[in-house]
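The sequence and structure are shown first.

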Amino acid sequence: MDLNKPYLSRKNGDLWLTEDEYDNLKVSYRIKDVIYDQKSSCQDVMILDSYNFGRMLVLDGVVQTTSVDGHIYNEMISHVPMSIHPNPQKVLIIGGGDCGVAKEVAKYEGVEHIDMVEIDELVVKACIEHLPEVSGRLADPRVHYIFDDGVKFAASKKKEYDLIIVDSSDPIGPAKVLFEQSFYESLHEALKDDGMMVCQSQSPIFHADVMKQSYKRISGLFPEVKMYTAVVPTYPGGLWSFTIGSKQHIKPDTSKVRDKNTKYVNEQIVDSCFSLPQFIKEIL
Ligand code: SAM
């Protein structure tokens, strides 16, 4: 275990993880234990036990998901689009290595096939073994794990999917390409004529430029585009955005999220999540 990492430090014998994405803002978590620590071909993969946010997946020093608030993000990026598309049978998840999104999509009986294209096999292995609260140790026969770059995979598909969910990390390192125009164009091509895509589009507070760029690029390709938000406490600033691009459907049937054993999402949340604060409307 190599604790000699820029984002790990010891103070008075305690181990701390510090996310320092910004010069004037640092977020530190006191760490109880290092459960898993491996370097893959594309990133540092750690599973840490923290005092306040339970077990967390950390990639290159950035918190991706935790056993305390991971369900908020995973439920919002999956159940909202699942409530809009009338009959999603074939779903593609790009990224999503913690398996939390695939677990939520697999709750829908109508879904026949889920391709999960994750660039880093170590993330899936680590989360299935050490982060069951998020991964659910997912072993559903409908879920096909494909370890490949999402950009390359999407570009090889034409009119194949009903729904594509881009559950990527921040636009740095391996995920940078998942925010590019050409990638959104590939998603449009990979979708059926009534298909739709959703992606996490970063923080309206700290990444307004990325959020606006994603929204504009998706608006340039899809006739129906909508943004919604949720609050994820371990993400910078908490407030997080999601962008939907749809070739046809855009109205949620909120009754579809009933009895899905969710901890955050319910019909009122799906109904209200598209009501955007004024400052976000002005950014877009
Ligand atoms: N919800 C988290 C967030 O918003 O920060 C992300 C969760 S998930 C762990 C992100 C996954 O995207 C990671 O496992 C990472 O390895 C994967 N990923 C990054 N770039 C990728 C690419 N080009 N193709 C496929 N997967 C990629």
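## An edge-to-face pair and its setting

Tyrosine 29 and phenylalanine 53 are both buried (buried: under 20% relative accessible area; exposed: over 50%; partly exposed: in between; 1.4 Å probe, protein chains only). Their ring centres are 5.9 Å apart and the planes meet at 80 degrees, so the pair is edge-to-face. Rings of Phe, Tyr and Trp (its six-membered ring) pair if their centres lie within 6.5 Å; planes under 30 degrees apart count as stacked, over 60 as edge-to-face and the rest as tilted. Helices (H or I, at least four residues) and strands (E, at least two) are DSSP runs, numbered from the N terminus.

The model is predicted: local features need pLDDT of at least 70, side-chain atom pairs count only at pLDDT 80 or more, and totals for chains, interfaces and linings use all residues. Residues are numbered from 1 along each chain as its sequence is written, and side-chain values use heavy atoms, with hydrogens and water left out.

The whole structure holds eight aromatic pairs. One of them, between tyrosine 228 and phenylalanine 242, is stacked, with 5.0 Å from centre to centre and 15 degrees between the planes. Tyrosine 228 lies in strand S12 (residues 224-231) and phenylalanine 242 in strand S13 (residues 239-246), so this pair ties together parts that are 14 residues apart in sequence. Tyrosine 228 and phenylalanine 242 are buried. They also belong to one aromatic cluster, formed by Tyr73, Tyr228, Tyr235, Trp240, Phe242 and Phe274.

Phe274 also meets a charge: the charged end of lysine 226 sits over the ring of phenylalanine 274, 4.6 Å from its centre. A charge sits over a ring if NZ of Lys or CZ of Arg is within 6 Å of the ring centre and within 35 degrees of the ring normal. Likewise, the charged end of lysine 260 sits over the ring of tyrosine 108, at 4.7 Å from the ring centre.

## Parallel strands

Strand S7 is mostly covered, with five of its six residues buried. Five bridges join S7 to S8 in a parallel arrangement, and five bridges also join S7 to S10, again running parallel. Two strands pair if DSSP finds at least two bridges between them. Valine 91 stands opposite isoleucine 114 in S8, and in S10 the bridge partner of valine 91 is leucine 163.

In strand S10 (residues 161-167), seven of the seven residues are buried. S10 pairs with strand S11 (residues 191-200) in the parallel sense over five bridges. Isoleucine 164 stands opposite methionine 197 in S11.

## The cavity

A search of the whole structure finds one cavity of 30 Å³ or more, and about 430 Å³ of space lies in the largest cavity. On a 1 Å grid over the protein atoms alone, a cavity is a set of points where a 1.4 Å probe fits but cannot get out, and a pocket is an open set with protein on both sides within 12 Å along at least five of seven lines; lining residues have an atom within 4 Å of a point. Grid points are joined across faces, edges and corners, and a volume is the space filled by probe spheres set on the points.

The lining of the largest cavity comprises 36 residues, with Leu59, Gln64, Asp167, Ser168 and Ser169 nearest its centre. The elements that give two or more residues are strand S2 (14-22), strand S5 (55-59), strand S6 (62-66), helix H1 (70-84), strand S7 (90-95) and strand S8 (113-118). S6 provides the largest share, four residues. The lining divides into 15 nonpolar, 13 polar and eight charged residues (nonpolar: Ala, Val, Leu, Ile, Met, Phe, Trp, Tyr, Cys and Pro; charged: Asp, Glu, Lys and Arg; polar: the others, Gly among them).

## The largest pocket

About 170 Å³ of space lies in the largest pocket. Its lining has 14 residues, of which His71, Lys103, Glu104, Glu133 and Lys263 lie nearest the centre. H1 gives the most to this lining, with four residues. The lining of the largest pocket divides into one nonpolar, seven polar and six charged residues.

## Positive phi

Most residues other than glycine have a negative phi. Aspartate 259, by contrast, has a positive phi near 50 degrees, and asparagine 261 likewise has a positive phi near 50 degrees. Aspartate 259 is in the loop between S13 and helix H8 (267-272) and is exposed, at 71% relative accessibility.
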